[in-house]
Amino acid sequence: MPRVRDVLHRFRPAGIPGAATPAGVPLDRGAELTAELEPLFLELAVTERECAEILECADRHAAEIRAAASERARALVAAAMDKADAERAAVSARMRQRDEAERAAVLAAAETEAAALRHRVDARMPACVERVVASVVDMLDEAASSDDPVAGPV
């Protein structure tokens, strides 16, 4: 709805007071502004369409970049999983080697200790056998020298 001021503006005099002039046409400021700004608004509409197209293109490009990044991330995760499996296998192999080395060291230490024990046994055995034989001989001598009729000569 037009404002009162706009309606009254239509009826203002065409010229300034003074000498008579040719008849004037009332001024329509709204139509004049529309006519003046219409080409600008048309250009602005074109620019807005271009901006919308640029934004659409940017959105599509961003979606492509996100999809590529997502695919790359999936590939990296898959590669990391494969590498993790390989690393687990390598660590397991190293642990087995370490365990085998420890087992070999313990076995070598046990063999060394067994050899030392055999050496001590070999060194002490003649004396122990000699004492046992002497003890048995003494027991037999005692049994033979006793007047025990049950224990006869042996």
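Biologist: What does Arg-98 count as, going by its relative accessibility?
Modeller: Arg-98 counts as partly exposed, at 45% relative accessibility. Here buried means under 20% relative accessible area, exposed means over 50%, and partly exposed is in between, using a 1.4 Å probe and protein chains only.

Biologist: And what kind of model is this?
Modeller: It's a predicted model, where local features need pLDDT of at least 70 and side-chain atom pairs count only at pLDDT 80 or more, while totals for chains, interfaces and linings use all residues. Residues are numbered from 1 along each chain as its sequence is written, and side-chain values use heavy atoms, with hydrogens and water left out.

Biologist: Back to Arg-98, then. Which side chain meets Arg-98 in a salt bridge?
Modeller: Asp-99 does, at 3.6 Å from N to O. A salt bridge means a side-chain nitrogen of Lys or Arg within 4 Å of a carboxyl oxygen of Asp or Glu. Asp-99 is partly exposed too, with a relative accessible area of 31%.

Biologist: Where do Glu-102 and Arg-98 lie?
Modeller: Both are in helix H2, four residues apart, which is about one turn of the helix. Glu-102 is partly exposed at 44% relative accessibility. Through shared partners, the salt bridges join Arg-98, Asp-99 and Glu-102 into one network.

Biologist: Why can side chains pair like that?
Modeller: Side chains of opposite charge can pair when their charged atoms come close.

Biologist: How many salt bridges does the count come to?
Modeller: Four by this rule. Among them is the one between Asp-85 and Arg-88, at 2.6 Å from N to O.

Biologist: How far apart are Asp-85 and Arg-88 in helix H2?
Modeller: They are three residues apart in helix H2, which covers residues 29–145, so about one helical turn separates them. Asp-85 is partly exposed at 46%, whereas Arg-88 is exposed at 54%.

Biologist: New topic! How many helices and strands does the protein have?
Modeller: Two helices and zero strands. Both are DSSP runs numbered from the N terminus: helices are H or I with at least four residues, strands are E with at least two.

Biologist: What share of the protein is buried?
Modeller: Buried residues make up 0% of the 154 residues.
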